[in-house]
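Subject: Handover of a protein structure

Dear colleague,

Please find the structure below, followed by an account of what was found in it.

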Amino acid sequence: MTLPAELLAFLACPTPDAWVEQALQHPEELLIDHANCEKKAASTALNLMFRYIDKPELLQKMSRLAREELRHFEQVTALMHKRGVAYRGLSASHYAQRLRQHVRTVEPGRLVDTLIVGAFIEARSCERFARLAPHLDPELGDFYRSLLKSEARHYQDYLKLARAYADDPIDERVAFFAEVEAAAVVEDDREFRFHSGALAAAPAILASGS
């Protein structure tokens, strides 16, 4: 599946090849942290439902999103079990915090920024699934390809809600968070995670066409 051009344009930079190399060298951490990300995504959607009970469209979209993310969690953990990968605790990456530290504290800015951040997280997840899929074994590659459609829809849902609940156009806030997100993607991290940046000791760049 080819990623929508609008999703690729939404992200200010592609995932570095160095991160893909790291992912291939850390197959267990990739699956474990992917499961963690699905669980966190469901939690984020539920938190929004509890916080903004007066917004029917948000309630409906976040309810559906939470169910889908939990289903993905179940699918990832089933793959882990099949492959003998034990679910264990991992420290969180700094990616989400690097974005969320810039969320405004006064409404409706708080909600709008939270939704924009959600859109970037979902869009980056979708892009990384697509980047990884060609380099994985057929079973895992097919699974990641199967997630692209729903992840792309999640990004669109978050962005549409942000526009709906904003008092003013959100283009400037989107552009701001695009820069923050791009910086988080290329920033060095000490440990590999699904949303980590390139590591300080990055391996060789993927050869063209590999």
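In α8, the residues Val174, Phe177, Ala178, Val180, Glu181, Ala182, Ala184 and Val185 are buried, where buried means under 20% relative accessible area, exposed over 50% and partly exposed in between, with a 1.4 Å probe and protein chains only. Helices are DSSP runs of H or I with at least four residues, and strands are runs of E with at least two, numbered from the N terminus. The buried residues of α8 pack against α1 (5-10), α5, α6 and α7; contact means heavy atoms within 4.5 Å. Helix α8 covers residues 171-186, 16 residues in total, and spans 23 Å from its first C-alpha to its last, close to the 22 Å expected at 1.5 Å a residue (1.5 Å times one less than the number of residues).

**Basis of the model**

This is a predicted model, in which local features need pLDDT of at least 70 and side-chain atom pairs count only at pLDDT 80 or more, while totals for chains, interfaces and linings use all residues. Residues are numbered from 1 along each chain as its sequence is written, and side-chain values use heavy atoms, leaving out hydrogens and water. The average pLDDT (the predictor's confidence in each residue, from 0 to 100) is 92, and 94% of the residues score at least 70. Over residues 202-210, the pLDDT is below 50; this stretch has 15 contacts in the model beyond near neighbours in sequence.

Leu161 belongs to helix α7 and is buried, with a relative accessible area of 0%. Not counting residues up to four places away in sequence, Leu161 touches Glu57, Leu58, Lys61, Met62 and Leu115. The C-alpha atoms of Leu161 and Ile116 are separated by 8.8 Å, although these residues are 45 residues apart along the chain.

In helix α2 (residues 17-25), the buried residues include Trp19, Val20 and Glu21. The buried residues of α2 pack against α3 and α6.

**The largest pocket**

A pocket is an open set of points on a 1 Å grid over the protein atoms alone, where a 1.4 Å probe fits, with protein on both sides within 12 Å along at least five of seven lines; lining residues have an atom within 4 Å of a point. The largest pocket is lined by 29 residues, and Lys40, Thr44, Ala96, Arg100 and Ile121 lie nearest its centre. Helix α3 gives the most to this lining, with 10 residues.

Yours sincerely
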